[in-house]
Protein chains: 2
Amino acid sequence: MTRPYWNRALETMPRERLEKMQARMLREVVERAYRKSIFYRDLYRDAGIMPSDIRTLEDVRKLPFVDKAAIASTYPFGMRMCDQAKVRSLHAATTTTRHIVPIFATALDLDHWAERCARILWMVGLRPGDFLQNAFRFGLSTGGVGFHLGAKRAGIISIPASTGGTDRQIDMIMDLGVQGIAMMPSYALYLGLRAQERGIDLAGESSLKVGLFGAEPTSVRMKRRLAELLGLEAFGEYGMNEFLGPGMACQCAVKHGMHAWADHYLVECIDPATGEPMAEGEPGELVWTWLNAEGTAVIRYRSHDLSEVTWEPCPCGRTHPRVRRISGRNDGALSIGGYIVYPSKIAHVMELFPEVGTFQVILDSVKGLDCFTIMVEPEKGAEVDPVRLAGRLQSAVKSYVVCTPMVHVVPRGSLGLVGADPPYRIIDYRRSSGRYGGAEGE
Amino acid sequence: MTRPYWNRALETMPRERLEKMQARMLREVVERAYRKSIFYRDLYRDAGIMPSDIRTLEDVRKLPFVDKAAIASTYPFGMRMCDQAKVRSLHAATTTTRHIVPIFATALDLDHWAERCARILWMVGLRPGDFLQNAFRFGLSTGGVGFHLGAKRAGIISIPASTGGTDRQIDMIMDLGVQGIAMMPSYALYLGLRAQERGIDLAGESSLKVGLFGAEPTSVRMKRRLAELLGLEAFGEYGMNEFLGPGMACQCAVKHGMHAWADHYLVECIDPATGEPMAEGEPGELVWTWLNAEGTAVIRYRSHDLSEVTWEPCPCGRTHPRVRRISGRNDGALSIGGYIVYPSKIAHVMELFPEVGTFQVILDSVKGLDCFTIMVEPEKGAEVDPVRLAGRLQSAVKSYVVCTPMVHVVPRGSLGLVGADPPYRIIDYRRSSGRYGGAEGE
């Protein structure tokens, strides 16, 4: 570790200069949004805001919040803020409706993305010639591609392993001498247990040194367990598809919160009820602004992630603020297998089937992996073939919600939900098991 | 189409100059292989060949062939021909054994890959600002990533849709106004039929103009059907994971064979029995040499793909030789859902389970999608729980062979295979249905 920072000048820039840079970028992005996007122009006009009202960093508070529903309403092109010919790749966030929210990335956006991820891979200790086995999904969601770009930028060898093929993943770790893995913590746990089952001691016999874990809530206890099982140092990372995450925030070796790159994003912490800023270090809801976005700017986005923000100096030398562990969400969204799933979206899919009456979603965990089941009662008077209907519902949910559930069609009345409003119930056994830790955690 | 070629100088270079360039690149790659790879040094020494014996293009015939088994025997690092610190990403080809063959790509290899794919996307008529919805898999196999790189290079917008989520894919085509799709022809057929089922007329109502179809055998009839169903011009493309395909060969508008980029690859056509060269235009087995590879060079690789090669001038103006439609394979490998699957590999997986006796593989197609079933008889005297065993076999096959089969454990004797050697049988209903066309084809 002769060179501790990927980009010393930017990572250790004094807070005052960082905030001055943020204020300038904020002015620019609001100005551009107002000029290029009908969505933002209308939003700001309705709020009586002109770009010229935004001068200092505190002026961000004058801007209305946006949320998933608002950006979803702009489908398909409302979030594009550049000429289409400048777009190089399209990614997507999920929504509460059946549509995706397209995120348009220009060459500059992709370049910034690579820079953010390179910083993170370097920060956790990976170096040129090291292998990073990247088991986040590759595709519309941004997990896989982000670290792939970052690894290339930092000279680290990206293995786009994607999800699944656990035995092959274990073989690669052992046979290639992989140093770093990036995946969901629940999948890492499954992988570690499967290796044990095969008599392979990853902690003792592999070259693993670093694990990057994200895309679902986790706890200190879980990370400690992974560190022991896999023989590595476990780092938490944070990102949202709306912002071309990953690359938004990650733990340094101090592990007292995740540094959020302030030269790319502005993070606020608000009182979820009033929208007023929380005092530094006080828990609230994270609100993010993407300061250097060119293709799709998301400004003052309510993430519904509950955490806290601190600018307290970090012993690692990085000056960027830290967000603490995400303690939960305040919008009822479910994290299933790394995807944010809204019960209302499952309901939207079910509405496509007039023969479906009420339903119940059951979440559980088996060997550390999320297990997602839907029990369905037919509508009154509907004649259904239970097996055929279950198959059609399964593929419809998979198509729109991305996660694949087990679906069972059960006799009418057996869920005790007939006439209920909303016509469904969510049971999450994972929470009561305390797997995602509560009081503990950093 | 004011600019018909992506790279006019290289795509229309006279054959004589192309071949001179190939001869120089061949000398260089053999020299480097000899110097950097124990595998090639031993291979060439045993054959009594020194790099200095390779002077002209015809001298390539002095070099011994390599095949999957040979490169698989070098696992894990035998195919790496550069310092590990120069590697930027790792991809993989499947083998007959349970391991992958890692393909090591340097920054230069990735740059060449982007160039090859950009040429193809431009050749079929996509232009900056167009969307390419890329439904090849993203991950270790090279399909998705290749066209993603090429699109970025050519200024085309890559949508890394990956496989699955068919309804979402249809929505994106319609809502974003997608111009190009890249996917397996069988998946395109499924997608088109599903759109029909939803009352969406892709041919009449979408912006589709181009389809790139590859990764499995196809026919003129199938492409004509896709053209009609989806309202686009259908182009066949060809690539192998061993060579960071896609980007090896693709049809131009003339559609009389696929141009194989001669400044990157040398393609020969041999008599499969004798290894002697076929006369130009005569059918035989394709043998490929990767002329500009830096990380992993594959030299004189027997593809087992049956086709023919012609240098006849093409009306499109491109001078690179053309390979005709792949009429089949001569090694018994199966193409299942776009993956090359060796029955021997399934057998390797089955051997991991002492309770498995004999088995039967059944391939069929349902709505144009491959359907892969394995029927298993237990070993004599083995006490098995049929459902549990089927589940374990399914995930083991999925893990190593990548395709997921339906697995049924049936009573001993019911397949009529007891005591058979090899202990399995392959039944491919897809062939007898003539789906992959026979006499027709270009």
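Reader: Where is B:Lys255 found?

Author: B:Lys255 is in the loop of chain B between S8 and strand S9 (258-260). Helices (H or I, at least four residues) and strands (E, at least two) are DSSP runs, numbered from the N terminus. This is a predicted model, in which local features need pLDDT of at least 70 and side-chain atom pairs count only at pLDDT 80 or more, while totals for chains, interfaces and linings use all residues. Residues are numbered from 1 along each chain as its sequence is written, chains are lettered from A and ligands numbered from 1 in the order in which they are written, and side-chain values use heavy atoms, leaving out hydrogens and water.

Reader: Is B:Lys255 called buried, exposed or partly exposed, and why?

Author: Buried means under 20% relative accessible area, exposed over 50%, and partly exposed in between (1.4 Å probe, protein chains only). B:Lys255 has 23% relative accessibility, so it counts as partly exposed. B:Lys255 also has a positive phi of about 55°, although it is not a glycine.

Reader: Which kind of peptide bond joins A:Tyr75 to A:Pro76, cis or trans?

Author: That bond is cis, with omega near 0°. Most peptide bonds are trans. A:Pro76 sits in the loop between helix H4 (68-72) and strand S1 (87-93) of chain A. The bond from B:Gly245 to B:Pro246 is cis too, with omega near 5°.

Reader: How many residues of chain B are in contact with chain A?

Author: 44 residues of chain B are in contact with 44 residues of chain A; contact means heavy atoms within 4.5 Å. The buried area, meaning the accessible area (1.4 Å probe) that two parts lose on being put together, summed over both, is about 3800 Å² here. B:Arg88, B:Lys152 and B:Arg168 supply 15% of what chain B buries against chain A, more than any other three residues.

Reader: What is the count of salt bridges between chain B and chain A?

Author: A salt bridge needs a side-chain nitrogen of Lys or Arg within 4 Å of a carboxyl oxygen of Asp or Glu. The count between chain B and chain A is zero.
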